[in-house]
Amino acid sequence: MSALECIDAGFQVGTKALLSGMTARLLPGRVYAILGPNGAGKSTLLSLLSGQRRPTHGEVRLDGLPLERHAPAALALRRAVMPQESSVAFDFNALEIVTLGRLPHRTAPEADEAGIVDSAMALTDVAALAPRILNTLSGGEKARVHLARAMAQLWHPRPGGDTRWLLLDEPTAALDVAHQHATMALVRQKAAQGVGVVAVLHDLNLALRYADEVIVLGQGRAMVQGPTAKVLSPALVSEVWRTPCELVAGRDGAPQYLFGGLQPSAT
Amino acid sequence: MSATAASIGMTRRLAPRTVLGAGATLLLLAFVLGASSGAYAISTAQLWGVLRDAWQGVVEPSPEHLVFMNIRLPRLMLGIAAGCGLGMAGAVMQGLFRNPLADPGLIGISSGAALAAGVTIVLGAWLWPVLPRTLGSWTLVSMAFGGGFLVTLLIYVLSRSESGTRMALMLLAGIAINALAGAGLGLLSVMATDEQLRSLQFWLLGSLGGARWSAVALVGVVVLLACAASLTLAAPLNAIALGESQAALLGVDVERTKRRAIVVTAFAVGAVTATTGIIGFIGLIAPHWVRMIAGPDHRIVLPASGLLGAALVLAADTVARTILAPAELPLGVLTAFIGVPMFLLMLRHYRHRI
Amino acid sequence: MSMHLRRRDTLRGLAAAAGLAALPAAFAQQGSKPPPRLITISGAITEVAYALGAQDQVVATDTTSLYPAAALKTPKVGYMRQLSAEGLLSMKPDAVIATTESGPPVVLDQLRSAGVKLELIEADHTWGEVQRKVQAVGRAAAREAQAQQLQRQLDAQWADVQMRVADDMAGRRRPRVLFVLSHSASPQVSGEKTAAHAVIGFAGGVNCLSGFQGYRPMTAEAMASAAPDVILTSNQSIEAHGGVERFWQRPELALTPAFAKRSLVTQDALLLLGFGPRLPQAVDELHRRLLAAA
């Protein structure tokens, strides 16, 4: 079974340990959300999973092989990362940026490369922004362009059957509500097609609605991985996020949290 | 681009074929202009005669033939090679540093070559009395090339860290080493005799005046190979525009790209500078103009910058050798006079991005 | 003294006779083809060309050719170390006469391969240098006879001057002279193997700076320990300073014996250092003024 896993992985900078003792097993076809308060190390964990950073202790493996043993060019064909923010040099327009997502495929291009780019841009609702210079777009528009790029990178299933992985660092942070839900619905679709999706989210409610499993990081506590509703119990949520919260059910039955208000009574 | 279009950040790009065609046409026009201009009067009819004779291999050469084939034509060809190398290298450096204001001088080639030239001119007779006998008239060129290469290597080594080559370190190391080279040149100019000082000064101002066929062949081959190698850098440099981390995630070997970019630049600019002295601003202006009409895709910017750079150098050199005839203006002076206002205009254009 | 006069007269007489004898030969040369077109590079060489009467043959000069006044009006091919091949060839010269300091070397090669006769004179700061210049220009201008005549005249003048200097300086202490060059920002002083060093020696002085060759920046301590009696400089250097008073205000000069007496001798730079046909005149003038100033 193909899997992306970290085994007792840790990342240390100097004497400061940003992460330690991370053990998780992620399977394709599911949506995972990495949650936690600011500074808990969510982006660091994602960067270990994507291979952007090498763990200082432990290992990160894809299909049983440590990430650094995979050829970078081969990895790029099956693993795409949407960054939290990126400064783009020069006046590239949105179309050119999304086309860059097809770069790993330049030695074996598909029949309709331009069509893939157009379709990816349509999926994230940035088709109209194609001729616009990326650096002049709003934060949300930029995010959707980068998402389209990641989508384009993983457009078709791999011929050899290798699993595809989509890693997203705070994909919804700059988006308005409509686009937040559209994006999460989109990644659910991708998961349904067999892509393994890992997203760093700061909105628990989005995780509750769209993620199959969550990985919760907190300052000075071990990480927890498991099915979303089970892990995100009121006790854990109020402990990790240190905010009064109340679990309610929406009309469609989906559990959601209400934050703020009075402290829950000590029961 | 209209003001409205610019304000909402629209791009209007010319097709690659149009851009390259325009570049080639400009180069051809500059070549024709350069071939028919000069201190020595050669009429169009005479020029045709010379070209016909050369084509047929006629043995009895007229003075016009000698002047054109031995002086003007090698100078034009050197100008093309120089402009091509400088333009292309400028585009590569800007892609590598992810900044449109970058220039090959940042990695120390020019200052290293200048320092080596200074040492050769001022101290050469004392330090290496054997040198002129072994290298003859190639002494200064070889030393300048070696100096440029060594300084670039030093800056590259200084910018290495465990996580690879850090461009920020390279920039800082370049600033420091360039300042050191400048101080070295200052020291040399204090030690120099009047004659040596003037020789050094003219070398620093840059000129195509020393063009002979052997030099043209050497620089031409190096620049041609460098330009060919640079084409493999186009796609990786596009990815690096997203950031080195993102480029690596797209499968680009960032370290190898950096090394290749530096080597290509060092060879191209080193060969040119060693032969012509310091010709500035071509590597800054040509890629900028190309990006304005063709967009920042390096697959067009690299070759088009080479073509435009060549056209610019030819045009500037034609002015340099006719405006004060029978004397000549050093080429570097002319490119600075054009380049500095252009640079300031560019700063205005990019001010919100710095 | 009487022996002096007799010798001078004899020499002059001989020179005149030789000149007259050379005239028919000179006319004979000129009938057949047009006189060679010349480009003279460096002030002294241009002066020689004018002294030989070849000024109509000089089609262009370099930027250091400032004397006589007519030379300023000739087309200029640039600075002698940065010549332009096409520029030189566009004047269609038959010969180019220059010093070995001219360049760049590639341009000189291109001239040779274009069939232009190239005469290069090495500047070793001796009387022989002047002689070589006269002979080279004479050859190149096809005015060998005039060159011989000029040579004899100049040799006579030179012998004169040398004798006078030797006589005047017999039994006297040679004045310690320091030459200052100041065309740009920082003034330099000359050591050995410079034109100034040679001229000072010819004029009966002694260069108080020794132990190094070429030019060095002027420093106060070095000047004090050198202790010159007289400061020698060019008119152009004084102008660059803004006048004699401003020149004496330089702190480096304050501790020298010359400063106390304001012993300053100035001369035109080309006249003093050019090593051209006016060298005997320059040395003569310098000698008299050194004696007066010391």
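In strand S8 (residues 196–200) of chain A, A:Val200 is the bridge partner of A:Asp169. The model is a predicted one, in which local features need pLDDT of at least 70, side-chain atom pairs count only at pLDDT 80 or more, and totals for chains, interfaces and linings use all residues. Residues are numbered from 1 along each chain as its sequence is written, while chains are lettered from A and ligands numbered from 1 in the order in which they are written.

The bridge between A:Asp169 and A:Val200 belongs to a set of five that join strand S7 (residues 165–169) of chain A to S8(A), the two strands running parallel. Strands are DSSP runs of E with at least two residues, helices are runs of H or I with at least four, and both are numbered from the N terminus; two strands pair if DSSP finds at least two bridges between them. From S7(A) the chain passes through helix H6 (residues 177–192) of chain A to S8(A), in a right-handed β-α-β crossover (clockwise from the first strand over the helix to the second, with the strands pointing away from the viewer). S7(A) also pairs with strand S6 (residues 79–82) of chain A, in the parallel sense and over four bridges, and here A:Trp165 of S7(A) is the bridge partner of A:Arg79. Five of the five residues of S7(A) are buried, so this strand is largely enclosed by the rest of the structure (buried: 20 or more other C-beta atoms, placed from the backbone, within 10 Å of the residue's own; exposed: 12 or fewer; partly exposed: in between). A:Trp165, A:Leu167 and A:Asp169 point one way from S7(A), whereas A:Leu166 and A:Leu168 point the other way.

Chain B holds 16 helices and two strands. Its radius of gyration is 21 Å, close to the 20 Å that the globule rule gives for 354 residues, so chain B is as compact as a globular protein of that length (C-alpha atoms; 2.2 Å times the number of residues to the power 0.38). The C-alpha trace of chain B spans about 65 × 50 × 35 Å along its principal axes, and 53% of the 354 residues are buried. Of the contacts in chain B with a separation of 6 or more, 79% are between residues 24 or more positions apart, a contact being a pair whose C-beta atoms, placed from the backbone, lie within 7 Å.

Helix H14 (residues 282–294) of chain B is mostly covered, with ten of its 13 residues buried, among them B:Ile282, B:Leu284, B:His288 and B:Arg291. After H14(B) comes B:Gly295, which has a positive phi, near 85°.

Of the two pairs of chains that touch, chains B and C have the most contacts, with 26 residues from chain C and 25 residues from chain B taking part. On the side of chain C that touches chain B, helix H3 (85–90) of chain C gives the most, with six residues, and by class this side has 14 nonpolar, eight polar and four charged residues. Nonpolar covers Ala, Val, Leu, Ile, Met, Phe, Trp, Tyr, Cys and Pro, charged covers Asp, Glu, Lys and Arg, and polar covers the others, Gly among them.

The contact between chains A and B takes 26 residues from chain A and 23 residues from chain B. Two or more residues on the chain A side come from each of helix H2 (72–76) and helix H3 (94–100) of chain A, with H2(A) giving the most, four residues. That side divides into 15 nonpolar, seven polar and four charged residues. Chain A and chain C, by contrast, do not touch, their nearest C-alpha atoms being 41 Å apart.
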